[in-house]
Amino acid sequence: MGIITVLWEKWVEFRRDFFKITVAAMISPLMYLIIFGLGIQTTSHGEPYLNFLIPGIVAMATMTGSFSAIAQNMSVQRLYERALDQIMVSPTPLWQFILGQVIGGSLRGMYAAGVILVLTAPIRTGLVFNTLSFAIMFLNGTVFATIALVLSFLAKSYTDAPRFTSYIIMPMSFLCNTFFSTDQMPAGFRQVISLLPLSQASAMIRTISGGERPGAFGFVVLLAYLIVFGAISVVFIYRKKNL
Amino acid sequence: MIELRNLTKKFGDFTAVDHLSLTIETGEFFGLLGPNGAGKTTTISMMSTVLLPTAGEILIDGQRLDRKASQQKRKLSVITQEYSMRQDMNMDEVMEYQGRLYFLPRKVIKQKTDVLLEFAGLIDYRHRTVRHLSGGMKRKLMICRALMIEPEILLLDEPTAGMDALSRRQMWNLLRKVNGDKMTIVLTTHYIEEAQALCGRVALVNQGKLQKLDTPDNLIRELGPFAVDETSQDSLVSRYFHNRDDAIAYLSKAGSDAALRATTLEDVFVDVAGRKL
């Protein structure tokens, strides 16, 4: 029941800011596609670079969409609007509030990815996006929504949200298998980067887009992040002395 | 009944609330008064579980209150000092969100929203977003939101801050009415006359500690119901007397700038706060 309430709140927000959300979801990925995909035309692994890039951009869009939907919003609600107080005092179980935020955030990430898929649909790439691709997008979105929740509970000021984006989202966008394969990285660094959630999500979506089935390892990594950060956010909301 | 038992809250080395113990009976209109930084808002925040105590506990009807205590939280509604609302929602959405958080059916939410917004004179502005409301309108909306769930306990942290005199009086009447319906009300306010007009009992706190706890009349009686104000060039000094004859005798010896009046709760407040400052 509490989950539905949070999803309703997210829907109200989405309905009102539909245009802004859609434009924000489009701009960066579209720039990357134009510059790296169409402007600098090249090949990767013997295929057009766009075939490599589009799955990475889709995975990245789920990350940025879900992360920004939660990090910005929760920081403002907690520290500026104090709207979180209304949740804390209500009888809605707080774990349901967290779960609603995670699902709502992930759906926003999927919407951002959906926008990219629609925009790239006219380009005849032959890439495959099936139910499993969307499941991975959703899972990736839940991971970054939980990370955003934890960070927003740690934020000291609502201006911290853009900093989190600079520290976490931007480096991941460039390093984690979006624009180039992690295989080309030096040993050691490569292993660390490939264990980050976006690397795994990109790799799995890219594997499916090439008509193959991804291995289970990527799911294990994403689920591990989801469980760890989900648990931390639940512990924070129940036990953090000063929310 | 609400019981605060040795309630303590520390922020680092600073103790905001220091072993506060008191009991608030069901249906009571209770005031929590103190100077700025006395720990009033921190106490209300702990009673609404936004802050967790460093030590001590809060019981509602004998059951410990914490963030998992949905049964106890269902009885509570809070009006915070800040406008704790989504600024980008309109009034209908704010009310619906509150109703949903308390599991009210949508039909009931709609009916109550109509009644409460009409009652508060906000019905014509129901589609206006919170950020476009005046301070007074936001306050009224917060009250509508709090009353929507018909709480057994209403926590009010400076509920009339920013309201004009007329709106404040309307608010007093509303609070008297809901308290008459057996709602327990805990009020913090800077307007001491507000506490004197509304509260059956008041607790005076300073530096996180309970200083006095009694009815306003008893507190005034204890200080002395007759006050003589002596105005000098740079200060106003008040002296309190337990009988009128003593006050008049003092007045006759004092200068021409002295005046006799009835002691108020504000005098008690200033006396308690002033001693510690």
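Tutor: Before we start: two residues are in contact if their C-beta atoms, placed from the backbone, lie within 7 Å. And keep in mind that this is a predicted model.

Student: What about its spans along the principal axes?

Tutor: The C-alpha trace of chain B covers about 70 × 45 × 35 Å. As for burial, 43% of the 277 residues of chain B count as buried.

Student: Switching to the interface: how many residues of chain A are in contact with chain B?

Tutor: On the chain A side there are 23, and they meet 27 residues of chain B. In chain A, the elements giving two or more residues to that side are α1 (2-16) and α4 (84-89).

Student: How do the residues on that side divide by type?

Tutor: Twelve are nonpolar, five polar and six charged.

Student: Now the largest nonpolar core. Which residues touch the most other members?

Tutor: A:V58, A:A148, B:C144, B:L155, B:I185 and B:L187, out of 137 residues in that core. Helix α3 (residues 49-80) of chain A gives the most to this core, 15 residues.

Student: Which residues is A:V58 in contact with, leaving aside neighbours within four places in sequence?

Tutor: Those are A:A113, A:I116, A:L117, A:M137 and A:I205.

Conventions:
Residues are numbered from 1 along each chain as its sequence is written. Chains are lettered from A and ligands numbered from 1 in the order in which they are written. This is a predicted model: local features need pLDDT of at least 70, side-chain atom pairs count only at pLDDT 80 or more; totals for chains, interfaces and linings use all residues. Helices (H or I, at least four residues) and strands (E, at least two) are DSSP runs, numbered from the N terminus. Ala, Val, Leu, Ile, Met, Phe, Trp, Tyr, Cys and Pro count as nonpolar, Asp, Glu, Lys and Arg as charged, and the others, Gly among them, as polar. A nonpolar core is a set of buried Ala, Val, Leu, Ile, Met, Phe, Trp, Tyr and Cys residues joined through C-beta atoms within 7 Å. A residue is buried if 20 or more other C-beta atoms lie within 10 Å of its own, exposed if 12 or fewer, and partly exposed in between; C-beta atoms are placed from the backbone.
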